[in-house]
Amino acid sequence: MQLGLACPVCSQLNVLRTSACVRCGAGLSPAQPAGAPAMGLPATSPAARPAAPPTPMSQTMAPRFDAATGQAVASPAQPTKPAARTMFFGALQQQAVVPRLVVIKGEGGDGVTYHLSGTNHVVGRGGCDIRFAEDHFLNPEHARFTAQDSRLFVQDLESSNGVFVRIKSPTPMTHDDCFLVGEQLLRLDARPLPDGRPDHEGTYRYSSPRPDGLFRIVQLLAGGGEAKISSARGGSLTIGREGNIVDFPDDRFISGRHARLDVASDSPHVILTDTGSRNGTFIRIKGAQELFHGDYLFVGQQLLRVEIS
């Protein structure tokens with residue numbers, strides 16, 4: 001038989017000489033024989049009577065009710081539960097957003113990913129933060145990416161070949177702006193043509209018939225020099241592989257209807273629009289430009305995708 005002191009509140013059996021119940025903490029004392037006085041005190045003394053067992057709080061504190069509604073009202077003396085802690089679905093929600101640059105491989109898949117965890121990251125061919133040593137279209141220090149408050153900016157460091165960003169909506173251009181369509185590097189020539197007047201002796205120079213276009217595009221060749229110069233028809237010019245004002249039938253990266261340029265009606269700009277091409281149309285940036293999630297850009301021969309999520 002196991003001996004011990006039974007708790008008068010919760011009936012837990014406790015080890016002899018235990019002063020408090022191990023389960024509920026109620027005070028314990030050895031049971032006195034019936035009618036026996038406490039040691040050293042007369043039986044008639046109030047202090048000699050066995051102490052009444054503690055009464056559970058649920059028995060001593062009757063519920064209170066609101067007289068108007070009849071609903072139970074918590075008593076101020078009742079212990080309150082600790083406030084519940086708000087839980088997160090995942091730890092990623094608590095992490096800072098780190099922009100990334102993903103290199104697109106030649107076959108279209110994802111290559112190396114660069115996490116821009118610092119503030120500034122220089123891309124180039126030399127000893128940079130992001131280095132492409134074999135890309136000779138890159139300057140040793142070509143462009144700087146700056147991450148600030150979960151935003152990303154790119155700046156051309158006066159490189160020879162520039163930084164080209166894929167357009168997502170009609171984009172205004174000015175004279176001498178450059179853009180990429182497939183493998184073709186093109187420059188906008190929006191200067192007014194000479195008026196064709198004779199020289200001071202009244203002699204006219206031989207020339208081709210004057211076009212009616214308001215601007216032209218110039219094809220820039222590898223290694224320098226210019227090739228095809230194409231004039232708009234009136235205020236518009238279309239570019240593609242077939243059936244356009246300017247066609248590049250041998251360029252496998254150009255769509256059938258790739259892009260178009262139009263003179264703006266309310267400004268001196270020419271508007272460049274991608275007409276649903278597969279590979280996009282890229283324009284050379286000036287200075288610094290903010291990048292957004294899903295943007296694509298060419299730096300040298302490297303096609304990069306921006307991820308900010």
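Colleague: At 5% relative accessibility, is Asp295 to be read as buried or exposed?

Modeller: The general idea is that a residue counts as buried under 20% relative accessible area, exposed over 50% and partly exposed in between, using a 1.4 Å probe and the protein chains only. Asp295, at 5%, is therefore buried, and 32% of the 309 residues of the protein fall into the buried class. Please bear in mind that this is a predicted model, in which local features need pLDDT of at least 70 and side-chain atom pairs count only at pLDDT 80 or more, whereas totals for chains, interfaces and linings use all residues. Residues are numbered from 1 along each chain as its sequence is written, and side-chain values use heavy atoms, with hydrogens and water left out.

Colleague: How many helices and strands does the protein have?

Modeller: Both kinds of element are DSSP runs numbered from the N terminus, a helix being H or I over at least four residues and a strand being E over at least two. Here the protein has one helix and 24 strands.

Colleague: How many salt bridges does a search of the whole structure find, and which residue forms one with Arg100?

Modeller: A salt bridge is a side-chain nitrogen of Lys or Arg within 4 Å of a carboxyl oxygen of Asp or Glu, and the search finds 13 of them. Arg100 pairs with Glu307, their closest N and O atoms lying 3.1 Å apart. Because Arg100 belongs to strand 5 (residues 100–104) and Glu307 to strand 24 (residues 302–307), this pair ties together parts that are 207 residues apart in sequence. Both Arg100 and Glu307 are buried.

Colleague: With which residue does Asp110 meet in a salt bridge?

Modeller: The side chain of Asp110 meets that of Arg305, at 2.9 Å from N to O. Asp110 is in strand 6 (residues 110–115) and Arg305 in strand 24, so the pair links parts 195 residues apart in sequence. The two ends fall into separate accessibility classes: Asp110 is partly exposed at 43%, while Arg305 is buried at 14%.

Colleague: And which residue forms a salt bridge with Lys168?

Modeller: The partner of Lys168 is Asp295, with the closest N and O atoms 2.8 Å apart. Here the pair ties together parts that are 127 residues apart in sequence, because Lys168 sits in the loop between strand 11 (163–166) and strand 12 (171–173), and Asp295 in the loop between strand 22 (288–291) and strand 23 (296–299). Lys168 is exposed, with a relative accessible area of 61%. Turning to shared partners, salt bridges join Arg100, Asp110, Arg305 and Glu307 into one network.

Colleague: Which residues is Leu237 in contact with, leaving aside its neighbours within four places in sequence?

Modeller: Contact means heavy atoms within 4.5 Å. For Leu237 the list includes Phe215, Ile217, Ile245, Val246 and Leu261. Leu237 lies in strand 17 (residues 236–240) and is buried, with a relative accessible area of 0%. The C-alpha atoms of Leu237 and Leu261 are separated by 5.2 Å, although the two residues are 24 apart along the chain.

Colleague: How much space lies in the largest pocket, and which residues are closest to its centre?

Modeller: On a 1 Å grid over the protein atoms alone, a pocket is an open set of points where a 1.4 Å probe fits, with protein on both sides within 12 Å along at least five of seven lines, and lining residues have an atom within 4 Å of a point. The largest pocket holds about 1,400 Å³ of space. Of the 40 residues that line the largest pocket, Leu180, Gly182, Glu183, Phe298 and Gln301 are closest to its centre. Strand 23 gives the largest share of this lining, three residues.

Methods: Grid points are joined across faces, edges and corners, and a volume is the space filled by probe spheres set on the points.
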